[in-house]
Amino acid sequence: MSTAPPSHPEAIDPYALDRDGLAAVLAELGAPAYRARQVHAWLVRGVDDPEAMTDLPRDLRDQLGERFAPARPELVAHTVADDGHTHKLLLRYPDGEAIETVLMLYPGRATVCISTQAGCAMGCPFCATGQLGFRRQLTAGEVVRQVVVCDAALRSGTIDADSLPEDAPDHVTNVVFMGMGEPLANLPATLATVGWLHDPEGFRLSARGITVSTVGLVPGIDKLADVGLPVTLAVSLHAATDELRDELVPVNRSHPLAELEDAVRRYRDRTNRRVTIEWCLIGDVNDDAHQADRLAVIARRLRAHVNVIPMNPTPGVRWKEPSKRATHAFVARVRDRGANITLRDTRGRDADAACGQLLASYDLGSGSRLPAAVGAAERVDQLLPLRQGPAS
Ligand code: SF4
């Protein structure tokens, strides 16, 4: 890695640039167009240090060393759960803000759950991230880097092979915007990241392999539809009456259910893509027959698929997980009323894998925005030298 600090006044994290932006920087430096493609290819492979871009001429590497200001996250903690199938990363950016990224491995599929904000302003009372409050938006580069870190780790084998299942793919195949923060409240970074992921010379993910979740920011749903890609939209509904939703998802007071339903219908019609409804099932709160009946009506009207995720118990949050009996009764009732519904597993329960839980489980210390380093090492199962580096 180069050590000299960038000296250019417009130095920028290269992952904050899209391909056109990268081309513009290279053109400014007098480099031919194909050089931008070379640099882009290195970035996709997780290499952001011009020194390591060995197919570039010496003087161009020096110039890029001045123009690039890589905002590399530091891996603060890495917890492993589900027999190596779930890897939860706590990443800290250079200004000290920390966020979570989760890598979930399935046979032939590697899904990264990424964060778009440090904290969240939506204030859902049952959510660990909501309890942290809003700290700041992540830049496009900071969001993209979460995928880069996981992709490079899979490609280069930097994740300890002992903790990887045998059937793990060697690259990221799916990305879900379901980590910390509300993606549609940070549209510029979300849309730029979708661009990186879908780019045929980038991560080459199909639009269907990308899922953007929202608690129901109606203007953002319409803007996502404007992009014209059949990205999967996942609406975190959690309540099927305005009365309960006003409490569980406060943004409902601004965009009530009827307005949200209209937006989802518009999204579905414009993208021709089935929308999913996420339902965090909370014991004695939204697991009753009335909510099940209302949910079935909404899901049928929207021709949406419902994913039910039993709540993970979270330290400091008064809401509790539903009983197994209530969970199965709820799912059966919705299904019996003609809606498509799946009961999802609670991936990473033993790795604090609900969004915000790993960070929430750290002692932030008075006035500190950082997870305490002491205690972290005691809590994590493994701390690995996961880093961005040349992928093989
Ligand atoms: S559930 Fe999502 S939108 Fe609500 S506070 Fe948590 S991270 Fe924010």
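**Exercise 1. Sort the shell around the ligand into nonpolar, polar and charged residues.**

Solution. The shell splits into five nonpolar, four polar and no charged residues. For the sorting, Ala, Val, Leu, Ile, Met, Phe, Trp, Tyr, Cys and Pro count as nonpolar, Asp, Glu, Lys and Arg as charged, and the others, Gly among them, as polar. Now the names: C120, M122, G123, C124, C127, T129, G130, G181 and V215 surround the ligand, each with a heavy atom within 4 Å of it.

A quick note on the model. It's predicted, so local features need pLDDT of at least 70 and side-chain atom pairs pLDDT 80 or more, while totals for chains, interfaces and linings use all residues. Numbering starts from 1 along each chain as its sequence is written, and side-chain values use heavy atoms, leaving out hydrogens and water.

**Exercise 2. Work out how α9 and α10 are arranged relative to each other.**

Solution. Start with the axes, which are lines fitted to C-alpha atoms over the stretch in contact, with angles from 0 to 180 degrees between N-to-C directions. Those of α9 and α10 come within 10 Å and cross at roughly 30°. Angles under 35 degrees count as roughly parallel, and α9 and α10 are therefore roughly parallel to each other. Both are helices, meaning DSSP runs (H or I, at least four residues) numbered from the N terminus. Next, who touches whom (heavy atoms within 4.5 Å)? From α9 come L257, E261, V264, R265 and R268, and from α10 I298, R301 and L302. By class, this contact has four nonpolar, no polar and four charged residues.

Note on methods
Helix = DSSP H or I, 4+ residues; strand = E, 2+ residues; numbered from the N terminus. Parallel < 35°, antiparallel > 145°, perpendicular 65-115°, else oblique. Contact = heavy atoms within 4.5 Å.
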